[in-house]
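This briefing sets out selected features of one structure, grouped by topic. Please read it alongside the sequence and the coordinates.

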Protein chains: 2
Amino acid sequence: MKRSMYAGAVRSKHIGQKITLKGWVSRRRDLGGLIFIDLRDREGIVQLVINPKEALPEVVEKAETLRTEFVIEVTGTVVERSQVNDKLPTGQVEMQVEELIILNTSQTTPFEIKNGIDVNDDLRLRYRYLDLRRPEMLKNFKLRAKVTHVIRNYLDELGFLDVETPMLSKSTPEGARDYLVPSRISQGHFYALPQSPQITKQLLMNAGFDRYYQIVKCFRDEDLRGDRQPEFTQVDLETSFLSDQEIQDITEGLIACVMKETMGIELQLPLPRMSYDTAMNLYGSDKPDTRFEMTLQDLTDIVKDVEFKVFSQAPAVKAIVAKNAADNYSRKDIDKLTDFAKQFGAKGLAWIKYSNGEIAGPVAKFLTSIAKDLTERLQLEDNDLVLFVADELEVVNNSLGALRNHLAKELHLIDKSKFNFLWIVDWPMFEWSEEERRYVSAHHPFTLPQADTAHELEGDLSKVRALAYDIVLNGYELGGGSLRINQKEMQERMFQALGFSNESAKEQFGFLLEAMDYGFPPHGGLALGLDRFVMLLAEEDNIREVIAFPKNNKASDPMTQAPSLVSAKQLDELYLEVLKQNHSEKNEHR
Amino acid sequence: MKRSMYAGAVRSKHIGQKITLKGWVSRRRDLGGLIFIDLRDREGIVQLVINPKEALPEVVEKAETLRTEFVIEVTGTVVERSQVNDKLPTGQVEMQVEELIILNTSQTTPFEIKNGIDVNDDLRLRYRYLDLRRPEMLKNFKLRAKVTHVIRNYLDELGFLDVETPMLSKSTPEGARDYLVPSRISQGHFYALPQSPQITKQLLMNAGFDRYYQIVKCFRDEDLRGDRQPEFTQVDLETSFLSDQEIQDITEGLIACVMKETMGIELQLPLPRMSYDTAMNLYGSDKPDTRFEMTLQDLTDIVKDVEFKVFSQAPAVKAIVAKNAADNYSRKDIDKLTDFAKQFGAKGLAWIKYSNGEIAGPVAKFLTSIAKDLTERLQLEDNDLVLFVADELEVVNNSLGALRNHLAKELHLIDKSKFNFLWIVDWPMFEWSEEERRYVSAHHPFTLPQADTAHELEGDLSKVRALAYDIVLNGYELGGGSLRINQKEMQERMFQALGFSNESAKEQFGFLLEAMDYGFPPHGGLALGLDRFVMLLAEEDNIREVIAFPKNNKASDPMTQAPSLVSAKQLDELYLEVLKQNHSEKNEHR
């Protein structure tokens, strides 16, 4: 029989109708001489009832064999439910089963198919098809599909062309580590899976496509964290002839549309904007969570004459104030905060508590001379806890910024119903890499410098500012973009500033430089991290919860066992041999 | 200045308005003391005019430096054009330029930016961004974006969930050759890029997603032909609890929607259906082009007593009739047809011409006894050419089927305005592979056998029929699908029939077999080749024309030079070494 509707869609209006449903046995109970079955499908659960005194013997017989997760087809009449269940949308009704077909059986599942299970991640991934049956998971994927639907229609409407870019692309060492794909036809040569279609979409602008978008898989072979996966999806867009402001406006419209259609939230536009410098100074972060205050307060001027040399001699001293929280933190608790801050480079954490107009704590005695200034500047009130870091400005910002987020969680300062979007603008073009002992791109080498700082490409790289903009949501980097370089001379200067030789620039990016010989239009764009966006909308804290078949933290799939060994023939066709020990290991052993 | 509209969008209604346009100089002409510029953007071309006697000197000066493909911004007033150009949608108007900004310059392009160029493919690919500027190319990508837009909205509307499946998946030797991706974390292990998300989408059905779709990249490392690329895109869908007919109905609705929205063509539904056997018998092809007749006619019964042993002793003799074409084919021409037929296994081609009630040609003398029967069976008319193949049935069908398509092209029998869709149903489950000396899956090992033939899984494999269906468009396989196996026992029988040992079945597909322990619902689906579909709609004959950055026939990209050499460090991190000579070459040299 053809299914009449989803189980979760049966309502009072169907009372009296004979319908057919198909789905999974969520539960079977034998109660008061009746057999009750909760039938589950994508849209929900409805109760089935079989009265052995009235039903056909074969139906009763089959019903008695039913176990959890059996797949069944039932036909029967919708009736009013004697005991209404207010928790279920179908709770007004039940079906009196007249026909029953068992479509498939099931063994006992390794974990229960219900919300809020406490099961280790690898077991969930190994039986992902069961994990995904749980209503809270299914809900995430409905949300994800809705989000992409809204995004596509919004961009289609604005004349953006959905264009697919290659997955088998060229390896470029600049940036993160590539996933490589050996070529069989060109022996010893490799494709790379794209980290993003950055250059390709720029070339589409050169092709005159004017407005491009794509919801596209990208790949980075980096070590994994909670919100990282080897493959991830971005909403990628690029436009010609628009200003940074115009691109941001389009993005804001897109985000507002998603928030309205999926969450029913009306965003107020324009979204707030903050310069990178302000963000670092006030929040100690380039992706500040503005759902709570507790900003970083600069005290360098106030402490410059105190006797406490840790403060007076430090290049920068800042503090954050945990309002009305002094009682919550013992010395031991504060030691833990100190350990936390040390992970971000701080050498230590100074603190005072404020109470009855007095400051107290181990360093209070050194600060008596400025107690009044401090109290005023920090607007201290009873039971406030003040945490100080004194160090290089960058260390101060990083450690207090991290501590700020940490405390907000501990003190439950965050209003989880808020979705605080924020643009971060006026980015530095470069950041210093301690590892590589050189300046590297803060975004990527195709970002257009702000005109009034471009001369520093041949001077102080720390002073070059980028026409770049990141969009932040609740302390997460949701995406970012920039205007791009479209003039060959500027692109060459950029490569030079990054330390590329002419040869290596040409070898890696020669095709882009060449493309700039032929009327490359002004252009710019943006990319949003789709997984992260959906994760935040779904109020999850790991992107795995919004990816159907993610990898675990070893980048493997416990279900299929990918990656796996392959046959000698496969390797031979690729002219590859797997080493037992690689060169860096050999060198270590010497 | 902000662009007011696209250049191609200026119309009479804008006369008198001051507007700003941005785009490329398609042509500059100095004529009668005036400077004319054709300005091109994504939506078309509009004429700009500068009168040196009236314009600002700096505008004139800049205008005189303009060359083809310069990128400019112009502001001016729309006026009526004195000499209307009916070929352009903007031909009623032109812009009198008041301001001119040169946004970028251009060198002379390696080929002209216009439709219908005759340039070799690698040059077009090397400068793909210029090739894509050509209006006929841009048009293809607008069509492609429209097609996917229509498909997505149709499927979203029907409750299909757009779910992304992994690109880094598991290598399975069954099927075509995989592209491999070495893992850095699991030394010596490899991911494979998916040939299709077949098993993954089945698992989504097991997860209760009920209706899934995805427009998704797939990968096959095979040698390339005109309509093959290493990566290609399919419209992939899967459903639970539906019959094959219901899945076909959904697909037909989808196709009808695409044809209406993109081509303005109303398809008549349901689409015609033909069994695999009928297609092979009448058209010698499992993807018959039904835009023309010239079906294969079985003559085995008529010729069984003729003295011509090539005919009388052959297992099968069939003919095709090229109507009114005898005059077009000299003996030499027919020799060419013979050579063509031999490529498909025919040992030769017999032929007769019919004229004035007589048959003529080298074999006519052997056929006089059956001339009347032939004439009647084939309904011969003056100037008909009859081509015979006598051989095993499969060879007869393959060679005459190919010849039929070949002749239709030579004789211009094809009405190119037609879009003939056709379902091929009742497929054999297996086909014999001469190469592997065993039966292999005609589709894939997850296809459900027709119930009344399933017992032949342990008998004559050639007799097992599949619940599979292909959709054909104008002689191309547009896509295909099937109902799938959802019972473990049946899946195990299938693997056994294909010659898998229990161990190898478990090693490769153990996770699927295990999934069948847990209430796997009945399910089925389909995949359409998007590149091919768009190619046919765009009336192109190579999928490269509808892929933005395709590979050439050596699977490389002449623009980026991908695949390319990678650094020793990259290989070392993957524990890989590239061999100069692989094992099969070493063995050859022994």
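This is a predicted model: local features need pLDDT of at least 70, side-chain atom pairs count only at pLDDT 80 or more; totals for chains, interfaces and linings use all residues.

How many aromatic pairs does a search of the whole structure find over all chains? The search finds 38 aromatic pairs.

**Aromatic pairs**

- A pair of aromatic rings is described by the distance of the centres and the angle of the planes.
- Phe340(A) and Phe344(A) have ring centres 5.2 Å apart and planes at 45°, so this pair is tilted.
- Phe340(A) is buried, because its relative accessibility is 17% and the cut-off for buried is under 20%.
- Phe344(A), in turn, has a relative accessible area of 35% and is therefore partly exposed.
- In chain B, the rings of Phe446(B) and Phe495(B) form an edge-to-face pair, with 6.4 Å from centre to centre and 85° between the planes.
- Phe446(B) belongs to the loop between strand 19 (438–441) and strand 20 (465–473) of chain B, and Phe495(B) to helix 12 (residues 488–497) of chain B, so the pair ties together parts that are 49 residues apart in sequence.
- Phe446(B) and Phe495(B) are both buried.
- One aromatic cluster is formed by Phe308(A), Phe311(A), Phe366(A) and Phe388(A).

**Cysteines**

- Over all chains, the structure holds zero disulfides.
- Cys218(B) is in no disulfide: the nearest cysteine sulfur belongs to Cys218(A) and is 18 Å away.
- Cys218(B) counts as buried because its relative accessibility is 0%.
- Cys257(A), by contrast, has a relative accessibility of 24% and so counts as partly exposed.

**Strand 1 of chain B and its partners**

- Strand 1 (residues 18–31) of chain B runs antiparallel to strand 4 (residues 71–80) of chain B, and seven bridges join the two.
- In strand 4 of chain B, Thr77(B) is the residue opposite Lys18(B).
- Strand 1 of chain B also pairs with strand 2 (residues 34–41) of chain B, in the antiparallel sense and over seven bridges.
- Arg28(B) has Ile37(B) as its bridge partner in strand 2 of chain B.
- The hairpin of strand 1 and strand 2 of chain B has two residues between the strands, and Gly32(B) in this hairpin takes a positive phi near 55°.

**Open sheet of chain B**

- Eight strands of chain B form an open sheet with mixed pairing, in the order 6-9-10-22-21-20-17-11.
- Strand 6 (161–162) and strand 11 (273–275) of chain B are the edge strands, and each of them pairs on one side only.
- Within chain B, strand 17 (residues 421–428) and strand 20 run antiparallel and are joined by seven bridges.
- Leu473(B), in strand 20 of chain B, is the bridge partner of Phe421(B).

**Helices of chain B**

- Helix 1 (residues 57–65) of chain B has Val59(B), Val60(B) and Ala63(B) as its buried residues.
- These residues cover an arc of only 95° around the axis, which means that they lie on the same side of helix 1 of chain B.
- The buried residues of helix 1 of chain B pack against strand 1, strand 2, strand 3 (44–50) and strand 5 (93–104) of chain B.
- Exposed residues Pro57(B) and Glu61(B) are carried on the face of helix 1 of chain B turned away from its buried side.
- Helix 6 (residues 244–263) of chain B has 20 residues and spans 27 Å from its first C-alpha to its last, close to the 28 Å expected at 1.5 Å a residue.

Technical notes. Residues are numbered from 1 along each chain as its sequence is written. Chains are lettered from A and ligands numbered from 1 in the order in which they are written. Side-chain values use heavy atoms; hydrogens and water are left out. A disulfide is a pair of cysteine sulfur atoms within 2.5 Å. Buried means under 20% relative accessible area, exposed over 50%, partly exposed in between (1.4 Å probe, protein chains only). Two strands pair if DSSP finds at least two bridges between them. Helices (H or I, at least four residues) and strands (E, at least two) are DSSP runs, numbered from the N terminus. Rings of Phe, Tyr and Trp (its six-membered ring) pair if their centres lie within 6.5 Å; planes under 30 degrees apart count as stacked, over 60 as edge-to-face and the rest as tilted. The expected span of a helix is 1.5 Å times one less than its number of residues. The arc is that of the directions from the helix axis to the C-beta atoms. Contact means heavy atoms within 4.5 Å.
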